[in-house]
Structure formats: structure tokens, C-alpha cells
Amino acid sequence: MVSSARKWQKYTPECAGTTISLPTEKTEWQAGNTQNHREIRKWTAQIAVTVEDKESTDAGVLGVDLGLKCPAVTVTETGKTRFFGNGRENKYMKRKFRNKRKKLGKAKTIQAIRKLSNKEQRWMKDKDHKTSRQIIDFAVQESIGTIRLEELSGIHQTARTSRKNEKNLHTWSFYRLAQYIEYKASLSGIKVEYVDPKYTSQTCPECKERNKAEDRKYRCSCGFRTHRDRVGAMNIIKAPVVDGNSLPA
């Protein structure tokens, strides 16, 4: 993988006969082997790139909570919060693609269905790339040295959803977004840790009492209240790290 910096280098696959642009941060990468693949009416090139490892000297920790209504919520140790992505747009586009597939299915146009599915995956990947890029830019801006995410195997079990969102839950890839965050973070020298997701969306960050949020608001008997999506990210900062330690409360 390569970073999405503004400087570009040119590289030409042997069989394609065209030049493609590779993003690079200064000149700290080296192009390796290239595998060219022919798909329907087009060629694609997979290029192995070696990038020098970086290590951030920043000590800040950023909690990142992934979800459907809001794709990603981030909270710093000082409480600074940012919301990334557009859950409503994602849901609308998923429904639009699903309805188109249903119509094509009735017409039994298999090739058109496959083409539409590929288009949907490209759209989803583009959204995840942009969201992860924005998160890393925010982390760098806030002098973050460690990003913490929920353990990938537990994301689907803890993601807040309703019956009408179940189809979107099982088709949207939380894993892919987490992976994009992880590899972009490594290019910026930021460490990524995964934490136990148990009760992160229910536990009060102040008194540790468990509560269920009503609508978009989280309230606790101790007086703490905030937007429900912030709670998960706040708790992720201090949750037990998988095969590691948690931060002191």
C-alpha cells in the first residue's frame, strides 16, 4: 500500500501500455513486482510497494467507534470529538443498489448484476478510503500516537442497529474500514490497538454504570450525558487491549 500524499510518481505496467500515477510521501517507497489482471473490458495492475516504517513520538490516544448511523466517531483523551462519514448517504446508496439488483434479477441479467455489484463495492471502498484518510489526518493534527478500535471479531455483535438496518449491517464491511485505518496509520507512524468491545456502548465513562441510550442521547443517573455515539469511543480509549493492557481510569 502507498500513502495518499499529494506528490506522485509515474509507473507503467508492461502489458498495459498506459501510465498510471502512484501516490507517495516524498520518495520513501520502492516499487516492487507488478501483477496485471484482465477484467471485463479493462486491465488492472496490482503493484507491490515497499514503504519505510515510521514511529510516532506522540503520546496521545484516540478512541474510534465504528457504526452504521455514523460510520466513525473519534474521541481524544481530552474529549475532542469528530464524526466521520455519512450514514444516511451510505444507507440510501445501499438500498439503491439493492433495488437495482432485484430488478435485474427478475430479468435474469447475470452479467449486469455482477457489474452492478462491482460498482457497489468500488463505491463502498472509496467511502472507506476517504473516511480512514480523514481520521488519520485528524489523528496527526491532534498529536495522536495510538489509535484504538474495537476488536474486529466483535464489531458486528456490538454495532447498534435495528431490524430495518440488518441488511446494511451484514453488507457493510467494518473490517475493511478498520484495515484502511490501520495501514494508513502505520504510514504515519501511528500504532493501532484493538480492544475488548464488551459494553463499550453502554458503560458510563464517569461512574461505570451500564445504561441503554434512548434515541441519540445517553444519560446516566450520575448526571453524565452526551451524544450516544461518543460513549463507545470514550470507553474504547480505556478498554482492555486484546493481548495487552488498558489505560488507567
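## Sheet and salt bridges in a predicted model

User: By about how much are Lys130 and Asp126 separated in helix 2?

Analyst: In this predicted model, Lys130 and Asp126 both belong to helix 2, which covers residues 110-141, and they are four residues apart there, so the separation between them is about one helical turn.
The two side chains form a salt bridge whose closest N and O atoms are 3.2 Å apart, while Lys130 is partly exposed at a relative accessible area of 48% and Asp126 is partly exposed at 35%.
The separation asked for is therefore about one helical turn.

User: How many residues apart in sequence are the parts that Asp128 and Arg176 tie together?

Analyst: Asp128 forms a salt bridge with Arg176, with the closest N and O atoms 2.8 Å apart.
Because Asp128 lies in helix 2 and Arg176 in helix 5 (residues 174-187), the pair ties together parts of the chain that are apart in sequence by 48 residues.

User: Is Arg148, which meets Glu193 in a salt bridge, buried or exposed?

Analyst: The side chains of Arg148 and Glu193 meet at 2.7 Å, N to O, and this pair links strand 8 with strand 9.
Since buried means under 20% relative accessible area, and Arg148 has a relative accessible area of 4%, Arg148 is buried.

User: Which strands stand at the edges of the open sheet?

Analyst: The open sheet has five strands in the order 7-6-5-8-9, with mixed pairing.
Strand 7 (81-84) and strand 9 (191-195) each have a single partner strand, so one side of each is left without a neighbour in the sheet.
The edge strands are therefore strand 7 and strand 9.

Terms used: Residues are numbered from 1 along each chain as its sequence is written. This is a predicted model: local features need pLDDT of at least 70, side-chain atom pairs count only at pLDDT 80 or more; totals for chains, interfaces and linings use all residues. Side-chain values use heavy atoms; hydrogens and water are left out. Two strands pair if DSSP finds at least two bridges between them. Helices (H or I, at least four residues) and strands (E, at least two) are DSSP runs, numbered from the N terminus. A salt bridge is a side-chain nitrogen of Lys or Arg within 4 Å of a carboxyl oxygen of Asp or Glu. Buried means under 20% relative accessible area, exposed over 50%, partly exposed in between (1.4 Å probe, protein chains only).
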